[in-house]
Amino acid sequence: MSIRSIKPVALALPRKDEAVVKGRYGSMMPVTPANGFTIIAKVKPGAAETIRAYGGKIEKTIQESPDALAVLRLHYLRWVLFDDDTRFMYIGVFDTDFDKYVEDAVTLFKATGIATIFEQLEGFPTDWRDNPAAFAAFCRDHQAASFMEYAEYPGVTALEVVKSLNVKGALSDMLDQMQ
C-alpha cells in the first residue's frame with residue numbers, strides 16, 4: 001500500500017449490515033477505523049490514588065524500556081478518572097483484533113509480574129491471569145461503543161508508522177550531510 005493510496009475514512013457505527021463475529025472469548029468487538037475499545041467502569045473505593053500512581057509507574061517503565069508495551073501494538077492509550085475519581089475510562093487504539101489484544105495483555109502482565117490497572121475496578125475478575133475469557137468479558141461488559149470513528153490513515157499499523165518515521169529521519173540526515 002503506497003502512502004498516496006491511503007485516504008481518510010469516517011464510519012458511523014454500529015453497522016447493521018455486519019454480522020457479529022465470534023471470537024475465542026465470545027463476540028468480538030468490531031475492527032473499526034480507530035480499532036480498539038473504550039471501557040468505563042466504577043473505581044473500587046479508595047483506589048483512585050493507586051490508579052494515578054500506576055500512571056507514573058507506566059511512565060517510568062516506558063522511559064526505561066521504550067518497547068515494554070510493544071507486544072500490544074498500541075497506537076494510543078488514554079486513562080481518565082472522572083466523577084470525583086469514582087469512575088475510570090480506558091481508551092486503547094491498537095492494531096490487533098480484540099482477542100489477540102486480551103491474550104497479549106495477559107501474557108505481558110504474567111511475564112512481568114505487573115498487575116493490570118483493571119484490578120482497581122469493581123467487578124474485575126480476580127482470576128484474570130488464568131482466565132483470559134473473564135478478562136475479555138469484563139471489557140465487553142464495560143465497553144462504551146463508538147457511534148462514529150475517523151482515521152486519517154486507516155489500516156496503517158503502529159509498526160509501519162515507526163518505520164516511516166525512521167526512513168524520514170534517515171533521509172533527512174542524509175540530506176543534511178550532503179549540504
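1. Terms for linings come first. Ala, Val, Leu, Ile, Met, Phe, Trp, Tyr, Cys and Pro count as nonpolar, Asp, Glu, Lys and Arg as charged, and the others, Gly among them, as polar. By that scheme, the lining of the second largest cavity divides into six nonpolar, three polar and one charged residue.

2. On the source: this is a predicted model, where local features need pLDDT of at least 70, side-chain atom pairs count only at pLDDT 80 or more, and totals for chains, interfaces and linings use all residues. Residues are numbered from 1 along each chain as its sequence is written, and side-chain values use heavy atoms, with hydrogens and water left out.

3. Cavities. A cavity is a set of points, on a 1 Å grid over the protein atoms alone, where a 1.4 Å probe fits but cannot get out; lining residues have an atom within 4 Å of a point. A volume is the space filled by probe spheres set on the points. The structure holds two cavities of 30 Å³ or more. Helices (H or I, at least four residues) and strands (E, at least two) are DSSP runs, numbered from the N terminus. By class, the lining of the largest cavity has 14 nonpolar residues, one polar and no charged.

4. The second largest cavity has a volume of about 40 Å³. Among its lining residues are Met29, Pro30, Phe94 and Asp97.

5. Pocket. A pocket is an open set of grid points with protein on both sides within 12 Å along at least five of seven lines. About 530 Å³ of space lies in the second largest pocket. It is lined by 19 residues; Pro66, Leu69, Ala70, Leu74 and His75 lie nearest its centre. α1 (48-64), β5 (74-82) and α4 each supply at least two lining residues. The largest share, six residues, comes from β5. The lining of this pocket has 13 nonpolar, two polar and four charged residues.

6. Salt bridges. The rule asks for a side-chain nitrogen of Lys or Arg within 4 Å of a carboxyl oxygen of Asp or Glu. The count comes to seven salt bridges. Aspartate 85 and arginine 52 meet in one (2.7 Å, N to O). This pair links distant parts of the chain, 33 residues apart: aspartate 85 is in the loop between β5 and β6 (87-94), arginine 52 in helix α1. Buried means under 20% relative accessible area, exposed over 50%, partly exposed in between (1.4 Å probe, protein chains only). Aspartate 85 is partly exposed at 26%, and arginine 52 is partly exposed at 43%.

7. A pair within one helix. Lysine 100 and aspartate 104 form a salt bridge (2.9 Å, N to O). They are four residues apart in helix α2, so about one helical turn separates them. Lysine 100 is partly exposed at 36% relative accessibility, whereas aspartate 104 is buried at 9%.

8. Another pair. Aspartate 130 forms a salt bridge with lysine 110, the closest N and O atoms being 4.0 Å apart. Aspartate 130 is exposed, with a relative accessible area of 69%. Lysine 110 is partly exposed at 44%.
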